[in-house]
Amino acid sequence: MEETLNFIYQYREAIFIIILSIFLGIEVISHVPAMLHTPLMSGANAIHGVVIIGSIIVLGHAHDILSLSLGFLAVILGTLNVVGGFVVTDRMLEMFNKKNKKK
Amino acid sequence: MNDSILQISYIIASICYIVGLKKLSHPLTAKNGNYIAALGMGLAILTTILFHRTDGHAIGNIPLILLALAIGSFLGTLAAKKVKMTAMPQMVSLFNGMGGACAALISIMEFPRINPDIIAESGMMNGLTLSILLGLVIGSVSFAGSMIAFGKLDGRINDSKISYLKIINIIGIAAIIAMIVFIMFQEEMPSMTIVYILTVLSLLYGISFVMPIGGADMPVVISLLNSFTGVAAACGGFLYNNQAMLTGGILVGSAGTILTILMCKAMNRSLMNVIIGGFGGSAAGSDEGVEKHIKEITLSDAAVLLTYSQKVYIIPGYGLAVAQAQHACHDLEILLEDKGVDVKYAIHPVAGRMPGHMNVLLAEADVPYTKLKEMEEANAEMANTDVVIVIGANDVVNPAAEEDPSSPIYGMPIIKALDAKNIIVIKRSMAKGYAAIDNNLFYHPKNRMLFGDAKNVLQKLIAEIKAM
């Protein structure tokens with residue numbers, strides 16, 4: 001019991017951010033028209049590419065060959081997620097906006 | 001100083017993700033939302049490279065990092081730009097998998113580096129271990145599952161009806177949880193072997209999780225895996241006490257979950273149903289053995305019927321995408337409008353392979369935004385519609401969803417094509433749709449079949465109308 005309380009105390013800021021973010025995520029996604037489900041999914045996909053920051057930190061402190069290789073790979077994968085994700089989302093959305101402007 | 005700049009940039013990045021995501025949920029602001037989120041991401045990456053410090057050490061190996069960024073950007077942009085619009089869902093799945101793999105790799109590398117002082121104090125039972133292991137498992141499951149989803153959507157993997165996969169899934173998740181608990185109860189840092197085993201187990205679970213789910217449900221699965229990867233990213237954020245990763249990750253985790261639930265609602269199926277059942281038992285087939293006749297219509301008759309209508313609704317489906325007939329479709333629409341016919345499109349929320357698929361397809365063909373009507377609106381006008389043209393759509397206009405309780409699609413909201421005065425169905429053959437069931441709409445007296453490839457048929461129809 002005490003360990004659990006300590007845990008919560010130690011990570012209280014992170015827990016706070018997590019809880020707020022959950023509510024935020026729910027709020028932000030309410031009332032999305034069906035046609036935007038996929039671009040939204042694609043955009044969210046790109047945003048979770050933020051995991052790339054972790055891979056940069058890992059590669060940034062790597063010294064041995066194994067860490068360097070895996071870290072290098074991890075950054076590439078993260079970049080694919082971020083860049084690929086945003087470009088795909090943009091492509092999906094481009095299709096919508098041409099219409100709006102023409103009208 | 002360094003840390004202040006970094007924290008400020010992470011706050012800005014988090015704001016960008018939140019605002020970006022919000023803007024992405026409205027048609028007019030969506031494009032900007034994407035840019036804003038991307039900007040925030042760029043800022044976070046840049047400042048991390050320049051200002052991040054771990055115990056006073058700055059980020060090293062910068063040339064290597066830049067090289068990796070360059071390679072990833074090049075390949076990612078290439079893949080995203082060159083792929084056909086119909087392959088968009090697969091791409092989302094692919095990139096999602098990349099993120100999951102990244103998270104898993106981070107965990108594999110960070111596990112041996114858990115602060116020995118902390119282990120000396122509390123053994124392996126601490127927040128760092130938990131976040132590393134969760135990031136590893138969730139990232140691996142997401143990676144493997146996303147690859148399978150990619151394969152299914154790309155047509156490379158077929159649905160498997162292996163029923164014992166369900167048992168394997170239950171055993172798999174139990175084993176994974178057991179291993180995590182086991183590792184956390186260790187007093188000292190265990191060997192990496194057990195971590196590798198956990199990784200393989202998670203990968204296998206990811207595969208068997210997605211394998212039994214039907215191809216038609218893939219968009220829902222991808223959305224779910226999307227939120228998984230978000231949670232994996234958040235685990236990384238927890239580990240590094242990194243606010244940008246925490247916000248970005250959890251935001252996607254929760255938003256992604258809501259989105260998944262919304263998608264399920266559009267199909268009127270519960271998430272449990274999708275994950276566990278595929279389409280459940282085969283249809284009892286209330287009129288098997290009853291002779292069913294279809295009537296066809298000639299191109300010239302169809303041309304006449306359409307030209308002398310006042311109101312026409314086009315119901316597009318996956319067949320339109322496959323035939324790449326969206327431009328021909330738009331040409332037909334323009335032609336009919338010139339002749340005084342009011343032409344609109346009825347878009348079912350899950351028509352095609354993903355929500356919004358039809359919208360994107362038709363937008364590519366310059367179909368005005370305002371002509372695309374959502375299901376409820378279109379259904380309200382069906383009774384007044386002279387002709388409904390169903391192009392390559394099947395399950396979304398199947399009346400069994402409303403009439404036959406034993407049908408696997410029963411309860412799914414459909415476009416009420418049956419209410420229109422005349423129905424023309426353009427299809428290549430009498431082949432079944434994704435739900436693999438018969439569609440009584442085709443045999444209805446009001447319906448006429450027009451067989452052929454959508455693009456071909458539409459172009460010929462256009463020629464007929466012009467020749468009138």
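The radius of gyration used here is taken over C-alpha atoms, and the globule rule is 2.2 Å times the number of residues to the power 0.38. This is a predicted model, in which local features need pLDDT of at least 70, side-chain atom pairs count only at pLDDT 80 or more, and totals for chains, interfaces and linings use all residues. Residues are numbered from 1 along each chain as its sequence is written, chains are lettered from A and ligands numbered from 1 in the order in which they are written, and side-chain values use heavy atoms, with hydrogens and water left out.

**Exercise 1. The outline of chain A**

Work out how the radius of gyration of chain A relates to that of a compact globule, and describe the elements of the chain.

Step 1. Start with the globule rule: for 103 residues it gives a radius of gyration near 13 Å, but chain A has 19 Å.

Step 2. Now look at the extent of the C-alpha trace, which spans about 60 × 40 × 15 Å along its principal axes.

Step 3. Next come the elements, where helices (H or I, at least four residues) and strands (E, at least two) are DSSP runs, numbered from the N terminus. Chain A has five helices and zero strands, so its order from the N terminus reads α-α-α-α-α under this definition.

Step 4. Finish with the charges, counting Lys and Arg as positive and Asp and Glu as negative, with His and the chain ends not counted. Each charge is placed at NZ of Lys, CZ of Arg, CG of Asp or CD of Glu. Chain A carries 7 positive and 7 negative side chains, and the centres of the two sets lie 29 Å apart.

**Exercise 2. Burial in chain A**

Find what share of chain A is buried, and decide whether helix 4 of chain A is enclosed or open.

Step 1. Of the 103 residues in chain A, 63% are buried.

Step 2. Go to helix 4 of chain A, residues 52–60: nine of the nine residues are buried, so the rest of the structure largely encloses this helix. Among them are Ile52(A), Gly54(A), Ser55(A) and Leu59(A).

**Exercise 3. Where the chains meet**

How many residues of chain A are in contact with chain B, and what is the area buried between them?

Step 1. Contact means heavy atoms within 4.5 Å. By that rule, 80 residues of chain A are in contact with 102 residues of chain B.

Step 2. Buried area is the accessible area (1.4 Å probe) that two parts lose on being put together, summed over both. Between chain A and chain B this comes to about 8,300 Å², with carbon and sulfur atoms giving 77%.

Step 3. On the chain A side, Met41(A), Ile47(A) and Arg91(A) lose the most area to chain B, together 9% of what that side buries.

**Exercise 4. A walk through chain B**

Step 1. Of its 468 residues, 55% are buried. Its 32 positive and 35 negative charges have mean positions 5 Å apart.

Step 2. Gln90(B) sits in helix 4 (residues 88–110) of chain B. Leaving out residues up to four places away in sequence, Gln90(B) touches Phe150(B), Leu153(B) and Asp154(B).

Step 3. Asn241(B) lies in the loop between helix 9 (218–240) and helix 10 (243–267) of chain B.

Step 4. Val322(B) and Ser407(B) are 85 residues apart in sequence and 26 Å apart in space, C-alpha to C-alpha.

Methods:
Buried means under 20% relative accessible area, exposed over 50%, partly exposed in between (1.4 Å probe, protein chains only).
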